[in-house]
Amino acid sequence: MKTIIRNFLSVLKRFKMATVLNILGLTVAFAAFIVILIQVRYEYNFDRHHSNANRIYRVDTNLGGLFGMIHSRPFVDEFVKSSPHIEKGGLIRPFNMVSYFYTLNGEHKTGFNEEVVLLEP
């Protein structure tokens, strides 16, 4: 066992640049792997806080390799009517707005800007 460790350390000392590049490559690979796992976990757990989360679906459209969820109101209405299994449907507006919200505490006004996405029932 001592011989193996001694040989390993001598190779590391002899090929310093290759060792550094290998360690940096492994670090980048593990970081990318962890980021991908975080994204996959987020996608699988999206909207899981709702009581009927297993019954919520989103309809996406493939736009030449790009996926989007922008649909017209008549399409959404016909899609919801097309199946008796669909209880309710909604339409997300294709634009984001920034709105100013505030609260009044006596005469003191506290507010903040928040990005709002509209959802029609």
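## Largest pocket

The largest pocket has a volume of about 1,400 Å³. The model is predicted. The elements α2, α3 (73–81), β3 (91–105) and β4 (108–120) each give two or more residues to the lining of this pocket. Helix α3 contributes the largest share, 4 residues.

In total, 31 residues line the largest pocket. Nearest its centre lie D47, R55, I56, Y57 and R58. By class, the lining holds 17 nonpolar residues, 8 charged and 6 polar.

## Fold

The protein chain has 3 helices and 4 strands. Read from the N terminus, their order is α-α-β-β-α-β-β.

## Burial and surface

The protein chain has 121 residues, and 7% of them count as buried. Its accessible surface comes to about 11,300 Å². Carbon and sulfur atoms account for 64% of that surface.

## Confidence

Mean pLDDT for the protein chain is 83. A value of 70 or more is reached by 89% of the residues.

Which element has the highest confidence, and which the lowest? Helix α2 (residues 16–44) is highest, at a mean of 94. Strand β2 (residues 66–68) is lowest, at 64. Where pLDDT is low, predicted coordinates should not be read in detail. Helix α2 is also among the elements that give two or more residues to the lining of the largest pocket.

Methods:
Residues are numbered from 1 along each chain as its sequence is written. This is a predicted model: local features need pLDDT of at least 70, side-chain atom pairs count only at pLDDT 80 or more; totals for chains, interfaces and linings use all residues. Side-chain values use heavy atoms; hydrogens and water are left out. pLDDT is the predictor's confidence in each residue, from 0 to 100. On a 1 Å grid over the protein atoms alone, a cavity is a set of points where a 1.4 Å probe fits but cannot get out, and a pocket is an open set with protein on both sides within 12 Å along at least five of seven lines; lining residues have an atom within 4 Å of a point. Grid points are joined across faces, edges and corners, and a volume is the space filled by probe spheres set on the points. Ala, Val, Leu, Ile, Met, Phe, Trp, Tyr, Cys and Pro count as nonpolar, Asp, Glu, Lys and Arg as charged, and the others, Gly among them, as polar. Buried means under 20% relative accessible area, exposed over 50%, partly exposed in between (1.4 Å probe, protein chains only). Accessible areas come from the Shrake-Rupley method with a 1.4 Å probe; for residues, only the protein chains shown count as cover.
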